[in-house]
Protein chains: 2
Amino acid sequence: MTDQQAFAARIEGADAPSRYVLVCEHASHTLPARWGNLGLDAAAQVAHIAWDPGALGLARGLAARLGAALVHAPVSRLVHDLNRAPDRPGAMPARSESYDIPGNAAITPEDRAARADAVYTPFHAGLAALIARRIALGLQPVLVTVHSFTPVWHGQPRAVELGVIHDDTRPGDDRLAREVLAAAWAMTSLQSELNAPYSAADGVTHLLRLHAVPYGLPHVMLEIRNDLIATPEAEAAMADLLAPVLARALAATEGGA
Amino acid sequence: MTDQQAFAARIEGADAPSRYVLVCEHASHTLPARWGNLGLDAAAQVAHIAWDPGALGLARGLAARLGAALVHAPVSRLVHDLNRAPDRPGAMPARSESYDIPGNAAITPEDRAARADAVYTPFHAGLAALIARRIALGLQPVLVTVHSFTPVWHGQPRAVELGVIHDDTRPGDDRLAREVLAAAWAMTSLQSELNAPYSAADGVTHLLRLHAVPYGLPHVMLEIRNDLIATPEAEAAMADLLAPVLARALAATEGGA
């Protein structure tokens, strides 16, 4: 199997009818044999530093309820974070929160290029192809990235439950995010905040800058606190809660509200 | 041969040492058999509406002199303009300057999607892969798109000889273009202008928005009047003139000048 096949973007519902295209960059904690275990013990290999627990289950639930396409990652972000350019420290971090990642400590430019070739490039090529096709068909795609965050960060508990984030490259790129936030406050009891616990200034909108901004596509990044989506039942309940929020927000932008 | 092979980006000097990566989206007037002749007569098939005459020869000359990588298109822009999103009227124009393009007059969404899949997506995937690899290697790529324009447009002669164009998505994205313009005025007698005969407002920076802006890469689009590069000798002479202009401009940005 070639890298293009092994590490291709995983696509579900490519021809789904909704304008929404969901993306889950941190869906997987898989560490392919080529890169060993990066020097991590068994617990660290499945900790939140390796993936976003619950995010794929939630994204699948949202895709099913909205009739949306879903694109997700096959590999741990510790090999290559698909939401970071290949030269950024966070793309192959040597340290993440309280964990050292020994296998990323002495990485050479050639190692970086090999990981970009194998992991970053095929994923973004697959997503770009899907978006271009849907644009050509006149489907006016709307991009939503689905993430989760840990309830305790460097020992501090986080009160926010739902973060709603937008890119900041162009004025007006916050429009869908503001409608999502408004709908979340109106329709749920989640503690919802704009551009929390991260924002574009932290570099978390790289994927949106690659795939949404050049085409002027409406977009939003969702961050859900991972203790709220810790079981399949909780993922489904959160999808029940948030699918109507996304539907209302998009309708509001389409209506010119 | 698959579409991915038949219509892949043509890449020369992928490992070339310069920071410069040159791109020629309108290098070819090839009309693949699949789309017939689009209803054009023999003269129209090789007119400036189908490609940018002289641009590939100039780009190759610049790449050789600068030690730069070059990425160019294998197919006429009348099948799919690689510098336009697939849903834009100019991507598959039914009319261009004074020419009708009958094969593009009644194109369906499915036709658009098939052209995007076959032509647009493989080209941009190839360019994206090259840029990601060079970013990972720490080479800090600088993107230059090379175009030519017709000396007479709708019957009006054009005085500008060299157009130097930048994207306008982010403040500061004009920096390299201003240095190129300054160097062109200092080092050549070409009638050189900023954002002429086109500008970002005309949609001509789509490729730069896809590949340069998301990574914050310095970039510039060059437009050369095609009567100045009408023979291989003229292409080489223009490359002799403009390679030092590009070298000086990049050095000026690197020096913080």
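The side chains of Asn104(A) and Arg115(A) are joined by a polar contact of 2.8 Å, a term that denotes a pair of N or O atoms within 3.5 Å, where within protein one must be able to donate a hydrogen and the other to accept it, and residues adjacent in sequence count only if both atoms are side-chain atoms. This is a predicted model, in which local features need pLDDT of at least 70, side-chain atom pairs count only at pLDDT 80 or more, and totals for chains, interfaces and linings use all residues. Residues are numbered from 1 along each chain as its sequence is written, chains are lettered from A and ligands numbered from 1 in the order in which they are written, and side-chain values use heavy atoms, with hydrogens and water left out.

**Asn104 of chain A**

- Asn104(A) lies in the loop between strand S5 (99–100) and helix H4 (109–136) of chain A; helices (H or I, at least four residues) and strands (E, at least two) are DSSP runs, numbered from the N terminus.
- Asn104(A) has 2% relative accessibility and therefore counts as buried (under 20% relative accessible area, with exposed over 50% and partly exposed in between; 1.4 Å probe, protein chains only).
- Beyond its neighbours within four places in sequence, Asn104(A) has contacts (heavy atoms within 4.5 Å) that include Leu38(A), Met92(A) and Arg115(A).

**Strand S6 of chain B**

- Eight of the eight residues of S6(B) (residues 142–149) are buried, so the strand is largely enclosed by the rest of the structure.
- Val142(B), Val144(B), Val146(B) and Ser148(B) point one way, while Leu143(B), Thr145(B), His147(B) and Phe149(B) point the other way.

**Strand pairing in chain B**

- S2(B) (residues 20–24) runs parallel to S6(B), joined by four bridges; pairing requires that DSSP find at least two bridges between two strands.
- Val23(B) has Thr145(B) in S6(B) as its bridge partner.
- Seven bridges pair S6(B) with S11(B) (residues 219–225) in the parallel sense, and Glu223(B) in S11(B) stands opposite His147(B).
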